[in-house]
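Student: I have a structure open on my screen and would like to learn how to read its features. Could you walk me through it?

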Amino acid sequence: MECHKSLTASWSTNRLWVEHKSVKLAHGNNKFCLNCHHPTNRNAFKHDDGSEIAESEVVALCARCHGTVHRDWKAGAHGRPNGYWDTSLGRQQKLTCIQCHDPHHPKFPMLQSLPAPTYPKRAARSSSENTQHEGNPKH
Amino acid sequence: MAGIAGLVTALKPLLSLERGDISLSDLLQKHYQELSAEEMSRILRKLEKQSNEDYGVASNINDTKAREGVQFAYALSLSKCVGCRRCAHACLAENNQSRESEDDIEMSYIRVLELDKGSINVEESDQYYDGEVPKKDKYYMPVQCHQCQDSPCTKACPVEATWMEPDGVVVVDYNWCIGCRYCMAACPYDARRFNWKKPSLPPESVNPNQNYLSNRIRPQGVVEKCTFCLHRTREGKYPACLEVCPTGARVFGNLLDPDSEINYILKNKRVYILKEDAGTTPKFYYFFD
């Protein structure tokens, strides 16, 4: 926690052999810790001008590169909203970037798809499909 | 001969009256739009009692009305959807669809189509893919009711058992539907489902929060469809399919609110309307981002 107060974090990632070994950075061109993390305050991120961004304001950090996504997010069109669409009836909760995306590895892993429900067959389907997955209406 | 057969068929409802399957008040129930508040309340209590007897769950069936100044619309990002089918399963659970026995047709209102990248030919899509998603060189397109503004299904209905509500949701009065399935033939999106049998549901699978026009357990022999979860959305909540989406591909909101998320999508994104040439003016949009 206090390490980087006395020992300035270096731009090179050599130290990763000793510390932060669990971090496998795969965030596009973003290859250095200090691109995002503040060099002396471990609990803060870094603005373009070197000033601190509080952890709770992480959106401002991501917006440095992902401007168009940030614009969509502000409008409520990126990221799943939770709660109420009508905020006069209930609270709407908006998640911040890192609640869904892993900043060290932003690419999502593959998902196991849930099994396909049995759909009723439709008269207009091609004949091959009708024989493979026939709906079975029992009266 | 045909005349006699026709007469017998026409009198069939009276036979079920004789057997005690339905009461005289069921038989003489008015159209939904003509029901007074007291009549509706009586019908709802009766349906609750019936549902309790049949499924062993104390359901709460309401008749939530459309609100002023609200037109619902839905948008779905084809760039984000990964085809995990969580929406289709959430739909089953929310809308009390039959899903107990092996041979049940699980009538999820959502079909997720798997298509080749670079193609948009739904005829060649696969709705029975499985395994890990998203697959290489594929994209996914969930299809459900598009709540068309110029809806062919409501025009096809010979008894006006289906219509568009003031908030733009196309609904079915399950007590009024005669099960002719003309609406299903008319729908360009294959969005309607027919109850071939009485739904089988174990008590723990029943969603007790129900509405007359949406997710109450349907009787046998009627058509049903997606209602944008009106029992939820008319109370300000999101549809069940949106709430479970792990990718945030789904956007829902009020078209009449200029600051809503849905209006932002329509103004700023490349929007695609499935089968636009059918001319039905859907309120369900696909977009890319």
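This is a predicted model: local features need pLDDT of at least 70, side-chain atom pairs count only at pLDDT 80 or more; totals for chains, interfaces and linings use all residues.

Student: How many salt bridges does the rule find across the interface of chain B and chain A?

Tutor: The rule finds two across that interface. Polar contacts are counted as well, and there the count between the two chains is 17 residue pairs.

Student: Which elements of chain B supply the side that touches chain A?

Tutor: Helix 4, strand 3, strand 4 (132-133), helix 6 (182-186), helix 8, strand 11 and helix 9 (261-268) of chain B each give at least two residues to that side. By residue type, this side of chain B divides into 26 nonpolar, ten polar and 19 charged residues.

Student: And how much area do chain B and chain A bury between them?

Tutor: About 4200 Å², with 54% of it on carbon and sulfur atoms. The contact draws 55 residues from chain B and 35 residues from chain A.

Student: Which strands pair between the chains?

Tutor: Look for bridges that join a strand of one chain to a strand of the other. Here strand 5 (residues 111-112) of chain A and strand 4 of chain B are joined by two bridges and run antiparallel. Within that pairing, A:Gln112 stands opposite B:Glu132.

Student: What should I know about chain A on its own?

Tutor: Begin with the order of its elements. Chain A has five helices and five strands, and from the N terminus they run α-β-β-α-α-β-β-α-β-α. Of its 139 residues, 22% are buried. Taking contacts in chain A between residues at least 6 apart in sequence, 28% join residues at least 24 apart.

Student: Back in chain B, how do I read a strand such as strand 2? Are its residues buried or exposed?

Tutor: Check each face in turn. Six of the six residues in strand 2 (residues 72-77) of chain B are buried. B:Phe72, B:Tyr74 and B:Leu76 cover one side, while B:Ala73, B:Ala75 and B:Ser77 lie on the other.

Student: Which strands does strand 2 of chain B pair with?

Tutor: Five bridges join strand 2 to strand 11 of chain B, and these two run antiparallel; B:Ala75 has B:Val251 as its bridge partner there. Four bridges join strand 2 to strand 13 (residues 284-288) of chain B, a parallel pairing, in which B:Ser77 stands opposite B:Phe287.

Student: What does helix 4 of chain B pack against?

Tutor: For a helix, find the buried residues, then see what they touch. In helix 4 (residues 86-94), the buried residues are B:Cys87, B:Ala88, B:Ala90, B:Cys91, B:Leu92 and B:Glu94. They pack against strand 3 (111-116), helix 7 (230-233), helix 8 (240-244) and strand 11 (250-254) of chain B. Just after the helix, B:Asn96 takes a positive phi of about 55°.

Student: How do I compare salt bridges within chain B?

Tutor: Ask where the partners sit in sequence and how accessible they are. B:Lys49 and B:Glu53 form a salt bridge (3.8 Å, N to O); both lie in helix 3 (residues 37-55) of chain B, four residues apart, about one turn of the helix. Both B:Lys49 and B:Glu53 are exposed.

Student: Where do B:Arg234 and B:Glu165 lie?

Tutor: B:Arg234 is in the loop between helix 7 and helix 8 of chain B, and B:Glu165 is in the loop between strand 6 (162-164) and strand 7 (170-172), so their pair ties together parts 69 residues apart in sequence. Their side chains meet in a salt bridge (2.9 Å, N to O). B:Arg234 is buried at 3% relative accessibility, and B:Glu165 is buried at 8%.

Technical notes: Residues are numbered from 1 along each chain as its sequence is written. Chains are lettered from A and ligands numbered from 1 in the order in which they are written. Side-chain values use heavy atoms; hydrogens and water are left out. Buried means under 20% relative accessible area, exposed over 50%, partly exposed in between (1.4 Å probe, protein chains only). Contact means heavy atoms within 4.5 Å. Buried area is the accessible area (1.4 Å probe) that two parts lose on being put together, summed over both. A salt bridge is a side-chain nitrogen of Lys or Arg within 4 Å of a carboxyl oxygen of Asp or Glu. A polar contact is a pair of N or O atoms within 3.5 Å; within protein, one must be able to donate a hydrogen and the other to accept it, and residues adjacent in sequence count only if both atoms are side-chain atoms. Ala, Val, Leu, Ile, Met, Phe, Trp, Tyr, Cys and Pro count as nonpolar, Asp, Glu, Lys and Arg as charged, and the others, Gly among them, as polar. Two strands pair if DSSP finds at least two bridges between them.
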